[in-house]
Amino acid sequence: SPQGLPVGYEIFPGSTFEGHTLRLALDKLHSKYDIDRLIFVADAAMLNEDNIKLLEERKQSFIVGARIKNMANDITAKVLDKTQYKQLYAPEEEQEPVTCLDISIKEKELRLVVTHSPRRAENDKYDREKAIAQLTKQLTKSNDPKALINNHGYKKFITIQGKAEITLNEEKIKQAAMWDGLHGIITNIAKTEAKELLAHYRGLWQVEETLR
């Protein structure tokens, strides 16, 4: 092609929100290729009501990253109840001891598959503690602690008292820790095992690496 890209590549303008590109992408795929069944796999940025509705209208199978913290209270209660999780891999598979919870959302005919990974939990804890350490340092040194309010990464862990005093909110830190290691996907594929669905979702990194 004139731009030096392989034939078939299409690039959206840099300012285009990826959540708004799905309809056009599906139309072009079906117009260009003779596709019998398409399984749409994407991260949570593509998860919104319009896109889910579009995929359902097109009768497309999909596996999409879920925003589990933003779901209904009855769902998040189940997600946070680790006693209901089951081992995902058999010992002989030599995998990390990941546990899994498969929740049926009957009113929408969807499945929410949530995994808890010890390795991911360690990374989440490390990132949070690093952010808190940086925040504590900033609170000590800053002449204007309220300037920290504009930092979204810090904002969720602080409480404003009176006109000037800002302190760490230990309850919010504790609540954040409850989500360590958790990740979810939403799918309308009813009969496929959770392990296979998750394998398809993890294939996203191959696409991302190719684009890079």
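Biologist: Is T99 buried or exposed?
Modeller: In this predicted model, local features need pLDDT of at least 70 and side-chain atom pairs count only at pLDDT 80 or more, whereas totals for chains, interfaces and linings use all residues. Residues are numbered from 1 along each chain as its sequence is written, and side-chain values use heavy atoms, with hydrogens and water left out. Buried means under 20% relative accessible area, exposed over 50%, and partly exposed in between (1.4 Å probe, protein chains only). T99 has a relative accessible area of 19%, so this residue is buried.

Biologist: In which strand is T99 found, and with which residues is it in contact, leaving aside neighbours within four places in sequence?
Modeller: Helices (H or I, at least four residues) and strands (E, at least two) are DSSP runs, numbered from the N terminus; T99 is found in strand β4. Contact means heavy atoms within 4.5 Å. With the neighbours within four places set aside, T99 is in contact with Y85, K86, Q87, L88, V114, T115 and H116.

Biologist: In what order do the six strands of the open sheet stand, and which strands are at the edges?
Modeller: Two strands pair if DSSP finds at least two bridges between them. The pairing in this open sheet is mixed, and the order is β1-β2-β8-β5-β4-β3. Each edge strand has a single partner, so one of its sides is left without a neighbour in the sheet; these strands are β1 (39-42) and β3 (86-87).

Biologist: At about what angle does helix α7 run to β5?
Modeller: Axes are lines fitted to C-alpha atoms, for helices over the stretch in contact, and angles run from 0 to 180 degrees between N-to-C directions. Helix α7 (residues 194-202) lies across β1, β2 (61-66), β4, β5 and β8, and its angle to β5 is about 80°.

Biologist: Which residues touch the most other members of the largest nonpolar core?
Modeller: In soluble globular proteins, nonpolar side chains tend to be buried together. A nonpolar core is a set of buried Ala, Val, Leu, Ile, Met, Phe, Trp, Tyr and Cys residues joined through side-chain atoms within 4.5 Å. The largest core has 26 residues, and those touching the most other members are F40, F62, I68, V79 and L112.

Biologist: Which residues does V79 touch, not counting residues up to four places away in sequence?
Modeller: V79 is a member of the largest nonpolar core. The residues touched by V79, with that exclusion, are I68, Y85, L101, I103, L112, V114, W179 and L182.

Biologist: How are α1 and α2 oriented to each other, and which residues of α2 make the contact?
Modeller: Their axes are 10 Å apart and the packing angle is about 25°. Angles under 35 degrees count as roughly parallel, over 145 as roughly antiparallel, 65 to 115 as roughly perpendicular and the rest as oblique; α1 and α2 are therefore roughly parallel. The contact is made by L22, R23 and L26 of α1 and, from α2, N51, L54 and L55.

Biologist: How far apart in space are A177 and A121, C-alpha to C-alpha?
Modeller: A177 has its place in helix α6 (residues 170-177) and, at 32% relative accessibility, counts as partly exposed. A177 and A121 are 56 residues apart in sequence, and their C-alpha to C-alpha distance is 8.7 Å.
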